[in-house]
Amino acid sequence: MFGYVRPYKSEMLVREFEQYKAVYCELCRVLGREYGLLARLSLSYDLTFYALLSLCVDGAALSQHQGRCVVNPLKKCTFIRSEGEDYRRAAGFSLLLMRQKLLDDRADEGFWKRLGCRIALGLTGRKARKAAGQYPELAALAEAFTRGQAQAEAEGQGPDGCAEPTAVLLREAFAGLSGCDGGQRTALGEFGYFLGRWVYLMDAADDLEEDLRRGRFNPLAAKLGLESGRALTEADRDRAAAYCNEALNANVARMILPVNLLELGPFGPIVENVVKKGLPEVQREILFLRVHEKRRGARKL
Amino acid sequence: MSDPYKVLGVSPSATDEEIKEAYRNLAKKYHPDQYADSPLKDLADEKMKEINEAYDAINDQRRGRGPQGGYGSPGGWNGYASGQNRSGFGDVRNLIMTGRIADAEQILNGVPPERRNAEWYFLKGSVLYRRGWLEEAKDHFSRACQMDPGNGEYSAALNQAMNQRSGVYGGYNPNASAMGGCNACDMCSSLMCADCCCECMGGDLIPCC
């Protein structure tokens, strides 16, 4: 996925930030241990959030450990370990989603990138089969996601249709976290659905300009009446930002409702921070401060 | 029932005011109005019932009578108010009300384009909204309002969708100022300004400067 689902640090307690970091570090450690060095590259904020949510609803026994960063041995780290499946499942899901991304890129990127994708796919093949064997339901979800995405784009569907595969992916993945509690399952699924829509729309909004330049499909282009090949004016950009922001807000409004109903336990404040502060901050940074565009521009110079 | 103080998230030594405030905050969070069109309605109702009972129990313990004020039955837009208008799609409204969204959509999709009136667009929008297809839902609500501008039911649905998009219910609102209305710096500079103005006219607001 894309790294948009993250907390807003300025609004966190120091303790909460340290907990979040400890979950991140533990996920990185488990990824390396279970699936090897290359899989560790798939570490992301999104999957950290998935692991965190899993810790919230699963109720497995947790313990805190001190150690050294697995990538940089000079750095000291705290790890929050779990007795349950939480991290292993998140790590497996992370690897399976990375594979799907590589398969997708292998189909439509340039020669060197395609070559890179092939090599990475070859090197992670055995580990990915291991993950798929452990979590067949997640493997099936990841495959259905890629298939659905390709189909929706081939049919040229609108923003809702194109966001559906991501929404369903997260709905099923989140709903699968709860044990047998029906109410929590519905709430988690609903949360995942709108978070998935949000992630897809955020990514589409972030890529809009580049997609237009390179003539790639983007459902927001048709919605906003923008043609590929033509440079965007400042007015077009503002219009696109305002529209995307509204569409994203609508999804945040709908995901706050199930989040309020979830029983989240000790990490609840972090989850609430992500939904109520983190996502809006990402909208602000990407749509209005245009941080990515500036980075891309700097690279070109 | 579990400990009513725990349900409201207050300590047993909390004052009546604190309890009232905790109850109000929770009631706002779980208020059924917000969940009217959501599969989470049952869960929210359950939570609401739980905090109502807890609040009643505490009040009974403390005073021997029930809560005053509180939150009554949901008002506002709960959609599909029966008898409000002569509906040509009564069966579809019933299906939506009972949560049979797929069936409702199937019937709506079977309506030939020339028979698709404002109500059709409104109901199709409601179905899309329930499914989470928020962009198309909004477009359908707008179309319904264009075709029948005077209808309160349609404009309430569109208003709700537009409010959610504005960022007041979550998300980012680019028009809201980050600092709020007035902070300590604003107050100091305003006072300094006022002092300068007074001094111009020969008076003095802050004698020391």
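Me: How many residue pairs are in polar contact between chain A and chain B?
Reply: The count is 15 residue pairs, both at pLDDT 80 or more. A polar contact here is a pair of N or O atoms within 3.5 Å; within protein, one must be able to donate a hydrogen and the other to accept it, and residues adjacent in sequence count only if both atoms are side-chain atoms. Bear in mind this is a predicted model, where local features need pLDDT of at least 70, side-chain atom pairs count only at pLDDT 80 or more, and totals for chains, interfaces and linings use all residues. Residues are numbered from 1 along each chain as its sequence is written, chains are lettered from A in the order in which they are written, and side-chain values use heavy atoms, with hydrogens and water left out.

Me: And how many salt bridges across the interface?
Reply: Three, going by the rule (a side-chain nitrogen of Lys or Arg within 4 Å of a carboxyl oxygen of Asp or Glu). One of them pairs Glu263(A) with Lys47(B), with the closest N and O atoms 3.1 Å apart.

Me: How much area do the two chains bury between them?
Reply: About 2,700 Å², with 58% of it on carbon and sulfur atoms. That's the accessible area (1.4 Å probe) that two parts lose on being put together, summed over both.

Me: Switching to chain B, what's its secondary structure?
Reply: Nine helices and zero strands, taken as DSSP runs (helices H or I, at least four residues; strands E, at least two), numbered from the N terminus.
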